[in-house]
Amino acid sequence: MKPALNELGKLAKDKHIENKKYFDKLKKKTPKNLDYIMQDIHDAEFKKTDCLQCANCCKTTGPLFTLADIERISKFLKQKPQQFIDQYLRIDEDKDYVLQSVPCTFLDNDNTCFIYEVRPKACREFPHTDRKKFQQIADLTLKNVAICPAAFNIVEEMKKRLPL
């Protein structure tokens with residue numbers, strides 16, 4: 001099942017309580033092989049998912065920029081790091097560097113990224129469904145399910161494969 005983008009928010013909201021309970025149980029009783037199972041589910045989903053058809057993450061949210069990201073991207077754009085910060089970033093309430101606005105400044109009309117080769121770590125790892133110790137990012141995953149159709153499918157598959 002590939003949730004339509006316009007239905008994703010409602011589907012995620014409908015499943016939120018069920019998913020929250022599931023992740024609470026997962027934290028209490030984490031299967032030993034969780035990381036392997038998640039890697040399998042993640043890989044299978046992204047074999048059939050073309051992020052360029054969606055790019056909802058780039059259109060609706062912005063990544064955190066680490067100092068390493070800022071150095072790498074500013075070099076790529078032939079700017080000094082401070083110029084890059086001044087032009088594109090702001091500091092949020094958690095004292096993190098984030099984009100001044102969304103959709104992402106670097107997103108092109110065809111959903112490609114102008115800085116793809118040097119994109120922030122948060123973009124490279126999104127939706128984080130193949131992260132080690134996956135159970136530790138339950139809150140982030142619950143948010144991403146409402147943004148990313150692939151994350152939604154991964155959580156649904158996870159609940160089937162690992163009923164708690």
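A residue is called buried when its relative accessible area is under 20%, exposed when it is over 50%, and partly exposed in between, using a 1.4 Å probe and protein chains only. The structure is a predicted model, in which local features need pLDDT of at least 70 and side-chain atom pairs count only at pLDDT 80 or more, while totals for chains, interfaces and linings use all residues. Residues are numbered from 1 along each chain as its sequence is written, and side-chain values use heavy atoms, with hydrogens and water left out.

With a relative accessibility of 45%, Cys51 counts as partly exposed, and Cys113, at 28%, is partly exposed as well. A disulfide is a pair of cysteine sulfur atoms within 2.5 Å, and by this rule the count is zero. Cys51 is in no disulfide, the nearest cysteine sulfur being that of Cys148 at 6.4 Å. For Cys113 the closest cysteine sulfur belongs to Cys104 and lies 6.1 Å away, which is too far for a bond.

Helices here are DSSP runs of H or I with at least four residues, numbered from the N terminus. The buried residues of H2 are Leu34, Ile37, Met38, Ile41, His42 and Glu45. They lie on the same side of H2, because they cover an arc of only 130 degrees around the axis, taken from the directions from the helix axis to the C-beta atoms. An α-helix has 3.6 residues a turn, so residues three or four places apart point the same way. On the other side of H2, Tyr36 and Lys47 are exposed. The cover over the buried residues of H2 includes helix H1 (5-28) and helix H8 (149-161).

Conventions
Helix = DSSP H or I, 4+ residues; strand = E, 2+ residues; numbered from the N terminus. Contact = heavy atoms within 4.5 Å.
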